[in-house]
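Try each task before reading its solution.

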Amino acid sequence: MMSGRATLGRAGPGRRRRERGGARRAARPACPCTAAPCGSSRGCASTPSGTVHLVCRDQARAEDARSEIIRESGNQNIFLHIVDLSDPKQIWKFVEKFKQEHKLNVLINNAGCMINKRELTEDGLEKNFATNTLGVYILTTSLIPVLEKEYDPRVITVSSGGMLVQKLNTDDLQSERTPFDGTMVYAQNKRQQVVLTEQWAQGHPAIHFSSMHPGWADTPGVRQAMPGFHARFRDRLRSDAQGADTVLWLALSSAAAAQPSGCFFQDRKPVSTHLPLARTFSSPAEEEKLIEILEQLAQTFK
């Protein structure tokens with residue numbers, strides 16, 4: 001989350017990219033960024049000015065991240081909110097308080113998890129779904145009225161290219177009836193995020209929505225959730241700053257705002273959400289069903 005005035009800081013694959021795509025001196029007011037303790041999240045929050053709200057689960061890691069961001073960016077306006085985004089009740093509580101105290105110009109949904117065995121939250125929700133899909137849904141939809149009050153509001157959701165192998169499946173959102181594969185569950189969650197972004201863009205034209213693939217970056221999340229993949233490709237993985245580059249460009253640049261709302265981006269360019277010849281397209285009815293299920297669940301915990 002960002003508030004105040006924010007300018008683009010580090011610029012991904014090289015600082016020269018800062019001059020491209022209208023992001024050279026792009027200024028943005030207010031931004032909450034979810035899940036900032038490590039990896040590309042820190043890069044997303046490292047802006048030299050403006051007010052940044054970090055919405056994090058782990059207090060100690062969040063404090064470390066805040067200190068590092070302040071040290072590297074020189075921006076003192078970095079604030080922490082400790083929220084477990086797998087807990088719908090905590091999200092609702094946070095939003096109600098935030099709405100009373102802050103304005104909001106940019107929301108960056110970067111929280112995510114890939115748990116490789118089926119685990120349930122205290123509320124009986126499958127943890128990947130609770131964090132990656134339901135948590136993102138509740139946080140975003142509940143903050144839309146706040147965003148709509150500001151000039152040039154934006155929502156960026158960090159998805160993954162892994163979603164390209166998945167077709168939206170609304171029949172088993174919490175992996176109750178199929179063999180559990182954490183990687184595929186994560187990819188399905190990321191497909192759901194892309195569908196949500198497209199739906200929000202249609203329903204809320206005053207806000208610029210986008211989803212994106214940061215590329216495979218050498219982050220703690222990748223190292224922990226996909227150790228085999230990391231060991232094999234670690235020399236080719238992106239840095240945290242490279243992974244955050246397109247997120248920051250989408251949040252800050254005028255060139256990004258000129259793109260149609262609802263697109264999926266990689267390396268500052270809109271790309272297809274489906275592979276050639278892949279049968280991953282969903283029907284309007286399936287997409288509406290996803291929204292209906294999430295809204296019903298969200299209201300259950302309000």
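A polar contact is a pair of N or O atoms within 3.5 Å; within protein, one of them must be able to donate a hydrogen and the other to accept it. Keep in mind that this is a predicted model.

**Exercise 1.** Find the side-chain oxygen that reaches a backbone nitrogen at the start of H2.

Solution. Begin with Asp-58: one of its side-chain oxygens comes to within 3.1 Å of the backbone nitrogen of Ala-60. The cut-off for a polar contact is 3.5 Å. Then look just after H2, where Gly-74 has a positive phi of about 80°.

**Exercise 2.** Check the length of helix H2 (residues 59-73), then work out how its buried residues are arranged.

Solution. Next, burial, which means under 20% relative accessible area: Ala-62, Ala-65, Ile-69, Ile-70 and Ser-73 of H2 are buried. Viewed down the axis of H2, the buried residues fall within an arc of 130°, so they line one face of the helix. On the other side of H2, Ala-60, Asp-64 and Arg-71 are exposed.

**Exercise 3.** Decide whether Ser-211 is buried or exposed, and list what it touches.

Solution. Locate Ser-211 in strand S9 (residues 208-212). Its relative accessible area is 0%, so Ser-211 is buried. Leaving out residues up to four places away in sequence, Ser-211 touches Thr-157, Ser-159, Val-194, Thr-197, Cys-263, Phe-264 and Phe-265.

Key:
Residues numbered from 1 in each chain as written. Predicted model: local features only at pLDDT ≥ 70, side-chain atom pairs only at ≥ 80, totals over all residues. Heavy atoms only, no water. Helix = DSSP H or I, 4+ residues; strand = E, 2+ residues; numbered from the N terminus. Expected span 1.5 Å × (residues − 1). Buried < 20%, exposed > 50% of the residue type's maximum accessible area, 1.4 Å probe, protein only. Arc of directions from axis to C-beta. Contact = heavy atoms within 4.5 Å.
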